[in-house]
Each structure stands twice: as structure tokens, then as C-alpha cells.
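Here is a short briefing to read beside the model. Keep the viewer open, and start with the strand that opens the notes.

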Amino acid sequence: MIYDFGVVGGGIAGVSAAYELAEHGSVLLLETENVMGYHATGRSAALFTRNFGGPVVRRINDASASFFAQPPSGFCDSPLLSARGCLTVASAGFEEELKPLLAMSQAGEIVCRIDPKEALERVPFLRPERVQGAVYEANVSDIDVASLHQGYIKGARMRGAEMLVKQGVLRISRDAGAWLIETANNSFRALHIINAAGAWADEIGALVGARSVGLVPKRRTGILIKAPNEIVCAKLPAIDFAGTDAYMKPDAGRLMVSPGDATPSGPMDAWADDMDIAVLADWIESETLIKVPKIEHSWAGLRSFVPDEAPVVGFDHGVPNFFWLAGQGGYGIMMAPVLAKLTADLCTKANSEISTEFAVALSPARFNSFAK
Ligand SMILES: Cc1cc2nc3c(=O)[nH]c(=O)nc-3n(C[C@H](O)[C@H](O)[C@H](O)COP(=O)(O)OP(=O)(O)OC[C@H]3O[C@@H](n4cnc5c(N)ncnc54)[C@H](O)[C@@H]3O)c2cc1C
């Protein structure tokens with residue numbers, strides 16, 4: 001059999017593309033790990049906000065909001081988003097850093113200054129002397145990433161997609177007008193390749209002779225700690241600290257804390273560095289009233305960026321029938337609905353609002369990508 005679309009990668013990008021493409025043709029998805037979602041997708045902070053990333057990313061987030069609010073019927077059993085809110089606090093000397101965030105305020109997406117006293121009421125474990133200014137965004141939400149990922153997998157399979165794990169793509173070559181995709185123990189044929197391999201996307205591109213899009217995977221660390229007893233953890237907002245990249249958010253009765261690191265890395269099964277964890281524990285104790293006797297869990301994941309930090313979605317300009325769906329950086333979960341729809345629209349040459357708005361801005365042509 002020759003599939004219309006061969007998708008490489010079973011993270012959120014691959015499964016959402018498989019779901020949209022399966023409406024239009026036969027789809028095969030290959031994932032190298034034992035389970036789909038093992039890498040970046042299973043390691044995110046699971047936040048949705050329109051106010052994150054550069055201007056193009058923010059427009060994509062905005063356009064994805066309607067899918068999250070009203071997913072297709074039967075897609076999932078419970079809402080994909082739940083209200084969280086986000087508080088950004090500034091210590092002395094960092095109040096100016098709140099201005100760009102306040103400038104993003106718009107109808108339906110209000111960002112407002114709040115009194116430091118109110119900030120301390122919302123998050124009692126902040127150090128009062130460290131809160132000189134505060135801004136609140138009510139519209140920041142938690143994403144149920146597992147439901148989103150599973151909804152796409154279930155929906156794609158119902159539309160006829162075949163999705164296989166433990167099938168790492170090792171070689172891709174041309175064979176009688178189609179792509180021959182080889183794994184350790186199988187070979188498959190497809191008319192188009194969708195490269196949704198996350199941190200490995202440039203490696204998949206190299207298999208077909210495509211020029212690199214300059215992808216750099218960057219490690220980000222997360223830890224889980226016990227929330228102070230007196231706090232009703234579930235009700236806390238996410239908390240950003242102006243002038244640093246660090247953030248915290250409640251996570252199933254615990255607090256997730258990240259230093260917001262972005263350490264360049266090769267594509268790999270990332271892990272948290274002991275020194276990063278120690279520095280983070282120290283930072284928590286100096287910035288808040290929380291004591292950190294124990295780290296309950298730690299992990300790291302790779303957020304993969306191209307130089308302009310916008311995703312890369314479109315056909316390669318040098319290698320026919322090879323499609324990039326890569327470079328989702330720190331926003332790949334929240335952008336997934338729109339990027340998957342854009343993938344299907346471009347693969348089927350459909351004119352849509354989404355392709356009109358985003359096709360040029362996200363095209364790999366912006367890197368002058370030519371075959372070697
Ligand atoms: C700590 C952290 C916090 C984050 N917070 C957020 C957030 O709050 N909100 C948000 O929207 N985003 C967030 N992100 C970003 C988000 O997780 C990513 O942008 C997104 O998961 C990328 O999805 P992906 O499918 O492209 O990559 P992945 O999930 O990494 O999937 C790529 C898949 O391709 C597979 N693969 C690779 N090579 C091959 C091969 N040769 N053959 C077969 N399969 C292969 C891999 O095994 C992997 O499963 C965060 C990321 C991190 C690390």
C-alpha cells in the first residue's frame with residue numbers, strides 16, 4: 001500500500017496533523033518510542049495563553065483558542081481548558097518589566113495591574129518585600145494535554161489513520177514515485193512525508209537531503225515540590241517573576257517550578273541537571289517563604305526553536321513532497337490545533353483563513369531552504 005501521508009513523530013504535532021490529514025487521505029504515523037507523547041509533549045507546563053511568544057505565535061495561539069473552547073463533538077470527555085490565571089510579580093527595580101505585558105491587554109484578554117497586597121492575598125507564600133508591583137491575567141488556562149493528545153490519536157484512528165510505536169525512521173529514499181520509509185524491521189511507502197519529529201526534525205530533513213532549518217533544541221527543567229500546607233494549591237494562579245525566566249504553577253496538589261532555562265542541547269531524552277535543580281531550590285527559598293526539604297520529582301524537556309522562534313510549517317523548497325512541521329518552541333501544545341489545520345490545508349491546497357494568514361509567515365522558504 002502507498003499511504004498519502006507518512007507522519008514522522010507521535011508528539012502533539014504529529015498526532016494533530018494525522019487527525020487533520022486523515023480527513024483527506026490515508027495516513028501512517030511512525031513513532032520511535034514505546035509510547036506516543038514521551039518527549040516534549042509529555043513534559044510541558046500545560047499552559048494556554050494568548051500573551052506568550054512573538055507576534056506570529058500570539059496570533060496562532062489566539063486562532064487556536066476556539067478549538068480548545070469547543071473541540072469537535074466526541075473529541076474528549078471533559079473540557080480541554082480550565083481556568084488558572086497568571087500573576088506576574090516584580091521586585092524593586094523590576095517594575096518597568098511589567099509594562100510590555102500590560103501593553104498586551106485587549107478586549108477579552110485583559111491584563112491589569114493589581115495592588116501588591118492583593119497579589120500577596122492570592123499567593124500568601126510570596127515574600128512581601130519582593131512584591132513591589134503585580135499584574136494579573138485572568139485568561140491564562142491549564143491545558144489537559146493528555147486529553148488533547150489522546151483525543152487526536154483516537155480521532156485520527158477513527159478516521160482510518162494507522163499509528164505505530166517502536167518504529168523509529170532510519171532511512172527515507174525515493175522509490176518508484178513515492179517515499180520509501182525504513183525502520184529497523186519494516187518498510188512503508190507514502191506520497192508525502194510530514195516531518196513532525198520535534199527535536200529530531202533537522203535529522204529527518206537530512207535523511208532526504210533537505211537543508212537544515214537551523215533547529216536548536218533547548219533544555220527546560222521542571223521540578224515538583226510540596227505546596228505549603230496552608231495553601232489551597234488548586235486555587236493558586238500560575239506565577240511569573242519579572243526580570244527572571246522562572247515560573248511556578250499548581251500541578252495536581254503540588255507546585256511545579258521551572259527556572260525557565262533554555263540550555264542548547266542535541267536531540268536526546270533530556271534529563272534535569274543536578275546543579276540546575278540545586279540552584280532552583282535555593283532560588284525558591286530566597287524568592288518565596290517556601291522551604292524545599294525535598295524535590296518530589298524532576299524532569300527536563302526540549303523546546304526546539306529556529307532562529308526567528310516561529311514554527312516552520314510548509315513544503316520544503318528543494319525536496320518535493322517533504323513537509324516541515326517543526327520548531328514549535330515553548331508553545332507547541334497551544335498552537336497545535338492551528339498548525340495541524342494549516343498542515344492539512346497546505347497538503348490539500350485548500351484556501352482557508354488559516355492558510356491565508358499563516359502560510360507565508362511560517363514557510364520554510366524563509367530560510368532559503370534548497371536541496372543540497
Ligand atoms: C518544560 C517545558 C514546558 C513547556 N510548557 C509549554 C506550555 O505551557 N504550553 C505549550 O503550548 N507548550 C509548552 N512546551 C512546549 C511543547 O511541549 C512543545 O512545543 C511540543 O510538545 C512539541 O511537540 P512535538 O510533537 O513537535 O515534539 P515531541 O513531543 O518531542 O514529539 C516528537 C516525536 O518525534 C519522535 N521521533 C523523533 N525522531 C523520530 C524518528 N526517527 N522516527 C520516529 N519518531 C521519531 C520522538 O520520539 C517524539 O515522540 C513546553 C515544553 C517544555 C519542555
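Strand 20 (residues 322–326) has both of its faces covered: Phe-322, Trp-324 and Ala-326 are buried on one side, and Phe-323 and Leu-325 are buried on the other. Here, buried means that 20 or more other C-beta atoms, placed from the backbone, lie within 10 Å of a residue's own; exposed means 12 or fewer, and partly exposed is in between. Strands are DSSP runs of E with at least two residues, helices are runs of H or I with at least four, and both are numbered from the N terminus. This is a predicted model, in which local features need pLDDT of at least 70 and side-chain atom pairs count only at pLDDT 80 or more, while totals for chains, interfaces and linings use all residues. Residues are numbered from 1 along each chain as its sequence is written.

**Strand 20 and its partners**

- Five of the five residues of strand 20 are buried, so the strand is mostly covered by the C-beta count.
- Strand 12 (residues 187–195) runs parallel to strand 20 and is joined to it by three bridges; two strands pair if DSSP finds at least two bridges between them.
- Strand 19 (residues 312–315) runs antiparallel to strand 20, with four bridges between them.
- Trp-324 is the bridge partner of Asn-195, and Trp-324 is also the bridge partner of Gly-314.
- Strand 19 and strand 20 form a hairpin with six residues between them, and Asn-321 in the turn has a positive phi of about 65°.
- Which residues does Leu-325 contact, leaving aside its neighbours within four places in sequence? They are Ala-13, Ala-17, Ile-194, Asn-195, Ala-196, Val-313, Leu-339 and Thr-343, where contact means C-beta atoms, placed from the backbone, within 7 Å.

**The nonpolar core**

- The largest nonpolar core has 106 residues, and those with the most contacts inside it are Val-7, Ala-18, Val-27, Val-89, Ala-156 and Leu-325.
- Helix 8 (residues 332–347) supplies the largest share of this core, with 11 residues.
- Domain 1 and domain 2 each give at least three residues to this core.
- A nonpolar core is a set of buried Ala, Val, Leu, Ile, Met, Phe, Trp, Tyr and Cys residues joined through C-beta atoms within 7 Å.
- As background, nonpolar side chains tend to be buried together in soluble globular proteins.
- Helix 1 (residues 12–21) is mostly covered, with 10 of its 10 residues buried; among them are Ala-13, Ala-17 and Ala-18, as well as Ser-16 and Glu-20.

**Two domains**

- The domain assignment gives domain 1 (2–73 + 144–214 + 308–367) and domain 2 (86–138 + 216–305); such bounds come from an automatic or database domain assignment.
- The C-alpha centres of domain 1 and domain 2 lie 30 Å apart.
- Across the boundary, 19 residues of domain 1 are in contact with 19 residues of domain 2.
- On the side of domain 1 that touches domain 2, six residues are nonpolar, nine polar and four charged. The nonpolar class holds Ala, Val, Leu, Ile, Met, Phe, Trp, Tyr, Cys and Pro, the charged class holds Asp, Glu, Lys and Arg, and the others, Gly among them, are polar.

- An open sheet of three strands has the order 3-8-4, with antiparallel pairing.
- Strand 3 and strand 4 (81–83) are the edge strands, each pairing on one side only.
- Strand 3 and strand 8 (residues 141–143) pair over two bridges in the antiparallel sense, and Phe-48 has Ser-141 in strand 8 as its bridge partner.

**Positive phi in two alanines**

- Ala-46 has a positive phi of about 60° although it is not a glycine. Ala-46 lies in the loop between strand 2 (27–30) and strand 3 (47–48), and counts as partly exposed because it has 18 C-beta neighbours inside 10 Å.
- Ala-176, also not a glycine, has a positive phi near 50°. Ala-176 lies in the loop between strand 10 (171–175) and strand 11 (178–182). Is Ala-176 buried or exposed? Ala-176 is exposed, with 7 other C-beta atoms within 10 Å.

**The whole chain**

- The protein chain has nine helices and 20 strands, and 45% of its 372 residues count as buried.
- The radius of gyration is 21 Å, which agrees with the value near 21 Å for a compact globule of 372 residues; the radius is taken over C-alpha atoms, and the globule rule is 2.2 Å times the number of residues to the power 0.38.
- Along the principal axes, the C-alpha atoms fill a box of roughly 70 × 45 × 40 Å.
- Of the contacts with a separation of 6 or more, 72% are between residues 24 or more positions apart.

Definitions and conventions
Contact = placed C-beta atoms within 7 Å.
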